[in-house]
Amino acid sequence: MRNTEWIVTTRSEAWRKHEPTAAGALSGMPDVMVDLDAQLQRIEGFGPAFNEMGWTSLGALTDEQRREILHEMFAPGAGANFTVGRMPVGANDFSRDWYSYDEVPGDFELEHFSIENDHETLIPFIRAAREQQPGLALWASPWSPPTWMKTNGHYAAALPVKVMGQSENGLEPHQVGREGTDMFILEEPYLRAYANYFGKFIDAYAELGIDIGMVMPQNEFNSAQVFPSCTWTPDGLAAFLRHLGPVMGQRGVEIFFGTLERGNPDLLNAVLADPEAAAVVTGVGAQWHGKGAVRVIHREHPELRIYQTEQECGDGRNDWRYARYSWALMRDFFLDGAEAYLYWNLSLERGGVSRWGWSQNSLVVVDPETATFEYTHEYHVLKHVSHFVEPGARLVQAKSFTGFENQLAFRNPDGSVAIVIQNDLSEEQPVTLLLGDKVFTPVLPADSLSTFVFEV
C-alpha cells in the first residue's frame with residue numbers, strides 16, 4: 001500500500017499538491033483507523049442542479065469559458081467528476097419567472113402541454129453538460145404544479161418578507177398556504193392529470209434524447225414559500241403516488257419520496273403505511289433540516305436508497321466560513337447513510353440573487369460586467385470528495401478512539417482508497433492514519449481540508 005496523492009485546500013490556496021507521505025512504523029494508538037473490510041453504503045455519485053439562472057449567468061461568458069467550466073465540472077477525471085444532476089419540473093426559485101408546462105385551466109387531457117420554455121435554458125444547459133459527461137444521470141422534481149391544479153390558484157404559497165429583501169409575488173393573503181395542508185386539489189381528475197403531466201414531461205425530454213431516470217413528487221412538501229411551492233400532507237402524497245407509480249412504471253422511471261426538509265422520519269412512514277404508495281417508492285431524498293431524519297430512515301428502511309438532494313444554499317457571500325460548514329454537511333450526510341450528494345446552484349451572477357430576491361451561493365460566480373468567473377470555496381470542498389470518489393465506491397469505516405471524527409474514507413471499485421480529513425484548528429495538526437497494517441503520519445496544515453489517495 002502506498003500514498004499516491006495528497007491535495008490540500010485552505011482559505012488562501014485551493015487544490016495545492018503535497019508530496020505523498022511514506023509509510024512508517026506504528027507507535028502507540030493511531031488517531032484514525034480505516035477498516036477496509038467494514039464497507040458501508042454504495043456511493044452513486046455527486047452533482048449540481050440545472051436551473052434557468054445557472055444557464056443565464058453562464059450566458060455572460062464566452063462559449064470557450066462555458067466549455068471550460070462544464071469540462072471542469074463534468075468531464076470524467078478532469079475536475080469535480082460530476083455524474084448526477086437534478087432538474088426542476090417547471091418553475092423553481094431560480095427560474096427566470098413563473099411558468100409551468102400547461103397553464104390552461106381544466107386541460108385534464110393536457111392537450112396544451114409544452115416544454116417550449118426549456119429550449120431556451122434547461123435543454124441547452126443539460127446538453128452542454130452531457131457533451132462532457134455522456135453518462136450523466138438525471139432526476140427531477142417540481143416546485144409547483146400548474147396553478148389551476150392548486151387550491152390557491154397561484155405558483156407561490158407565502159407572502160414576501162421585506163426584511164429579507166424578497167420581491168413582491170402577487171399573492172393575496174387568502175392564498176397563503178400552510179404546512180400540514182394539501183395545496184393540491186386532491187380530486188381524481190386532478191391527481192390523474194398531474195401524474196400524466198409527469199409522464200408527458202419524461203416523454204418530451206426523452207424525445208430530445210435526454211433520459212430522466214428518477215422523479216420526486218414535490219420539492220420541500222412542507223414549505224410554503226414566496227417562490228413556486230406547494231404543501232402536501234403525507235396522505236395527499238400517498239394519494240398522488242398511487243397515480244404516479246403506474247405512469248412512471250410504464251416508462252421505467254424510479255420514484256423517490258422527497259424532497260424531505262423536516263427532521264421527522266414519520267412523514268415518510270405515514271406515506272409508506274399506504275401499501276400502493278410504498279410499492280413504488282425506491283428511495284428517499286432529503287435536504288436542509290431533513291438531515292435530522294436521515295440516520296433514522298437509513299436504520300429503519302435499509303431497502304431505500306438515500307440522496308442528499310440540495311446542499312444548504314448559503315447567502316450569496318460564498319465565503320470560507322460557509323465552505324467549512326458545507327464540509328460538515330457532506331460528512332454527516334454520508335455518515336448517516338446518503339448514497340448521492342447534490343449541490344444546488346452550479347453558477348450564479350455575483351451576489352446570487354434569485355428572481356424573488358433570495359441570495360444564494362454557487363459553485364461558480366460570474367461577473368457579467370467583466371465577463372469573468374471564479375470557482376468558489378464550496379466548489380473546491382465538494383471537489384475534494386467528488387474528484388476522487390467514483391460511482392460504485394463504498395464508504396468504509398474510519399474510526400477513532402482519540403477524538404478524531406472529522407474524516408470520511410471511501411474504497412473505489414478499482415481498490416484505491418480516498419480519505420478526506422479536515423483540520424479545523426488554527427494550527428498544524430499531526431495525524432496518524434492506520435490502513436490495514438500500514439501507518440501514515442502527515443501533518444495537516446492549519447484550517448485545511450486534505451484528500452489522501454492510497455493504492456491498495
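Which strands does α9 lie across, and at about what angle does α9 run to β17? I looked this up before anything else in the model, which is a predicted one.

**Entry: α9 and the strands**

I found α9 lying across β1 (2–10), β4 (32–42), β16 (394–399), β17 (407–411), β18 (417–423) and β23 (448–455). The angle I noted between α9 and β17 is about 55°.

**Entry: the sheet of 10 strands**

I then wrote down the strand order of the open sheet of 10 strands: β2-β1-β23-β18-β17-β16-β4-β20-β21-β3. Its pairing is mixed. At the edges I found β2 (16–17) and β3 (23–24); each has a single partner strand, so one side of each is left without a neighbour in the sheet.

β3 pairs with β21 (residues 438–440) in the antiparallel sense, over 2 bridges. Ala23 has Phe440 in β21 as its bridge partner.

**Entry: α9 and α10**

Next I checked how α9 (residues 320–335) packs with α10 (residues 377–386). The angle is about 30° and the axes are 8 Å apart. Angles under 35 degrees count as roughly parallel, so I put α9 down as roughly parallel to α10. I recorded the crossing of these two helices as right-handed.

Which residues of α9 meet α10? On the α9 side I listed Trp320, Tyr322, Ala323, Ser326, Trp327 and Met330. On the α10 side they meet His377, Glu378, Val381, Leu382 and Val385. I sorted the residues of this contact into 8 nonpolar, 2 polar and 1 charged.

**Entry: β10 and β11**

Is β11 mostly covered or mostly uncovered? I found that 5 of the 6 residues in β11 (residues 305–310) are buried, so I noted the strand as mostly covered. β11 pairs with β10 (residues 281–287) in the parallel sense, over 5 bridges. One pair I looked up there is Ala286, with Gln308 in β11 as its bridge partner.

**Entry: the sheet of 3 strands**

I also looked at an open sheet of 3 strands, ordered β13-β14-β15, again with mixed pairing. β13 (347–349) and β15 (372–375) are the edge strands, and each pairs on one side only. On average, neighbouring strands of this sheet are turned by 25° against each other, direction ignored.

β14 (residues 364–367) and β15 run antiparallel and are joined by 4 bridges. Val365 has Glu374 in β15 as its bridge partner. Last, I noted that α2 (residues 63–74) lies across β14 and β15, at about 10° to β15.

Conventions
Residues are numbered from 1 along each chain as its sequence is written. This is a predicted model: local features need pLDDT of at least 70, side-chain atom pairs count only at pLDDT 80 or more; totals for chains, interfaces and linings use all residues. Side-chain values use heavy atoms; hydrogens and water are left out. Axes are lines fitted to C-alpha atoms, for helices over the stretch in contact, and angles run from 0 to 180 degrees between N-to-C directions. Angles under 35 degrees count as roughly parallel, over 145 as roughly antiparallel, 65 to 115 as roughly perpendicular and the rest as oblique. A crossing is left-handed if the near helix is turned anticlockwise from the far one by less than a right angle, and right-handed if clockwise. Contact means heavy atoms within 4.5 Å. Ala, Val, Leu, Ile, Met, Phe, Trp, Tyr, Cys and Pro count as nonpolar, Asp, Glu, Lys and Arg as charged, and the others, Gly among them, as polar. Two strands pair if DSSP finds at least two bridges between them. Buried means under 20% relative accessible area, exposed over 50%, partly exposed in between (1.4 Å probe, protein chains only).
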